[in-house]
Amino acid sequence: MSASAPTPAIEVRGLRKSFGALDVLKGIDCRVAHGEVVCVIGPSGSGKSTLLRCVNRLDEPTGGQVFVGGVEVTDPDVDIDAVRRRIGMVFQQFNLFPHLTVTENLTLPQRRVMRLDRTRAGAVARSNLERVGLSEKADAYPLQLSGGQQQRVAIARALVMQPEVMLFDEPTSALDPELVGDVLAVMRELARDGMTMIVVTHEMSFAREVADRVIFMDNGVIVEEGDPARVIGAPRHERTRSFLARLLP
Amino acid sequence: MTDTASTAPARRRLTRRQRARLIRSTQYVVLVAAVATFAVAADWGRIGEAFFDVEIIRELFPEMLTVALKNTVLYTLCAYSFGLVLGMVLALMRLSPVLPYRALATIYIEFFRGVPALLVLIAFGYGIPVALNSEVPGGILGTITVALGLVAAAYIAETLRAGIQAVPRAQMEAARSLGMSHGRAMVSIIIPQAFRIILPPLTNELILLTKDSSLVYLLGVTLQTRELAKFGRDALNQYVSMTPILVAGLCYLIITIPLGYVVRRLEARQAQAR
């Protein structure tokens with residue numbers, strides 16, 4: 001890190017990840033500034049999700065470094081649970097806790113991780129449910145909700161921990177097309193409020209509209225990155241062009 | 001020739017539905033005939049006296065409930081609680097990344113699953129007192145709790161392990177991504193879901209244990225520590241009648257049938273949450 005530049009929200013240096021003989025990430029370098037929204041696009045198997053999962057070490061990097069808010073996540077002595085509290089994550093399959101109600105999904109992490117009492121945790125849960133527009137579902141169980149509603153609850157669950165950054169791993173890929181809009185609306189709102197976000201997505205219109213920067217990955221490397229209109233509208237690389245051509249007929 | 005070929009199959013061939021109906025009515029006819037034969041042939045007076053002597057039943061109560069049923073429930077619950085706690089420890093050891101823990105748990109489970117509960121009970125009731133010159137504390141209740149609990153723990157551990165492994169990995173990842181430690185995620189997220197999955201087999205284990213508690217007769221129980229099977233057997237000797245055995249059997253059903261009902265209700269509630 002140079003002394004003059006402000007500490008980035010997320011910095012990834014030379015990140016490598018192998019699953020056995022398979023090299024999924026082959027040296028990734030990128031920085032995400034505070035309040036910046038970065039969309040990562042690319043064909044399946046390109047390593048986008050793995051990159052995301054290495055940032056909070058759900059996947060253990062094989063090499064390289066990851067910093068979040070200036071703290072080295074990849075330091076073997078780091079308190080990984082404390083680091084993860086500052087990194088919200090939203091999964092493709094929502095991964096809500098099915099044995100708990102919506103409210104309990106939001107209060108349990110606060111009470112067990114942040115040691116808040118029931119009243120305060122409940123208040124935080126209510127305000128975040130309202131933020132994603134699901135106050136009336138407070139007492140429902142996750143599997144009584146539609147996919148889009150579940151994903152919005154999952155976003156609220158990540159938000160109750162008051163994370164500094166949010167990671168979205170293909171948040172709309174498991175949704176019926178008519179449910180995608182509500183989830184993207186919540187994410188758009190979040191971006192507008194200044195949340196630092198990395199979003200792995202296939203929603204090109206969302207990337208074009210909301211992202212400050214788009215990263216195109218293929219085969220474990222960043223092929224190109226830059227302004228969304230430029231990367232999506234006028235890609236420089238042949239691989240980006242052919243990927244986008246298949247995606248946007 | 002053409003004539004027979006065309007008429008014979010037409011006469012015999014039934015439609016699929018007609019055949020199903022014929023088979024079903026045949027089954028009913030056979031059943032009704034069997035029941036009727038039995039009802040007519042049986043000597044109801046003698047059967048009633050031998051199996052269901054009201055006089056004897058009257059004398060069996062209330063001890064049948066206040067002593068025998070109570071003790072069966074007590075032995076079962078104590079052994080089950082012990083087995084559940086130990087089984088949980090063993091299941092977590094089985095899933096531990098530490099090899100010696102895994103090995104120890106595996107050896108334990110293989111051993112106690114493989115030897116008869118009867119043998120373990122004899123060991124704790126007579127073998128160990130002889131060998132170490134000291135008894136299991138808590139008398140009969142202590143001995144049966146430890147002996148049957150140790151055996152039950154082996155089965156419960158395997159059930160629990162399967163349940164924990166049946167919870168999707170993504171649940172652990174979601175919990176960890178919120179900053180929960182591995183242990184916290186286990187306690188708050190994984191194990192509660194595992195219990196829902198394995199509730200039916202766990203109840204099955206409780207029912208098996210209820211019946212195994214009858215093995216306590218081996219330890220030489222007193223009047224006050226008798227449970228259902230021993231109570232029934234003593235009464236059989238006293239009255240020279242089948243009735244006490246039948247009543248004891250019905251008392252077991254008083255325990256086991258509601259258990260089955262509770263599980264069905266819990267499963268229904270769980271289906272709602274799923």
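Analyst: A helix here is a DSSP run of H or I with at least four residues, numbered from the N terminus. The model is predicted.

User: Where is B:Pro62 found relative to the helices of chain B?

Analyst: B:Pro62 is found in the loop between helix 4 (54–60) and helix 5 of chain B. The peptide bond that joins B:Phe61 and B:Pro62 is cis, with omega about 5°.

User: How do you know how far helix 5 of chain B reaches, and what span is expected?

Analyst: Helix 5 (residues 63–94) of chain B has 32 residues.

User: What is the angle of the kink in helix 5 of chain B, and where is it centred?

Analyst: The kink is about 25° and is centred on B:Leu69. That angle lies between axes fitted to the seven residues ending there and the seven starting there.

User: Why is the pair B:Glu173 and A:Arg53 called a salt bridge?

Analyst: The closest N and O atoms of B:Glu173 and A:Arg53 are 2.7 Å apart. The cut-off is 4 Å, so the pair qualifies. Side chains of opposite charge can pair when their charged atoms come close. Between chain A and chain B the count is two salt bridges.

User: What makes up the side of chain A that touches chain B, by element and by class?

Analyst: Helix 2 (80–85), strand 6 (87–90), helix 3 (102–113) and helix 5 (147–159) of chain A each give two or more residues to that side. By class, it has 16 nonpolar, four polar and seven charged residues. In contact are 27 residues of chain A and 20 residues of chain B. The buried area is about 2,000 Å², with 59% from carbon and sulfur atoms.

User: How do you know that A:Asp193 and A:Arg131 form a salt bridge, and which parts of the chain does the pair link?

Analyst: Their closest N and O atoms are 3.4 Å apart, and the limit is 4 Å, so the pair counts. The pair links distant parts of chain A, 62 residues apart: A:Asp193 is in the loop between helix 6 (177–192) and strand 8 (196–200), and A:Arg131 is in helix 4 (residues 118–131). Over all chains, 24 salt bridges are found.

User: Which residues is B:Gly125 in contact with, leaving aside neighbours within four places in sequence?

Analyst: B:Gly125, in helix 7 (residues 117–132) of chain B, is in contact with B:Thr143 and B:Leu219. Contact requires heavy atoms within 4.5 Å. The C-alpha atoms of B:Gly125 and B:Thr143 are separated by 6.3 Å.

Definitions and conventions: Residues numbered from 1 in each chain as written. Chains lettered and ligands numbered in written order. Predicted model: local features only at pLDDT ≥ 70, side-chain atom pairs only at ≥ 80, totals over all residues. Heavy atoms only, no water. Buried area = accessible area lost by both parts, 1.4 Å probe. Salt bridge = Lys/Arg side-chain N within 4 Å of Asp/Glu carboxyl O. Nonpolar A, V, L, I, M, F, W, Y, C, P; charged D, E, K, R; others polar. Expected span 1.5 Å × (residues − 1).
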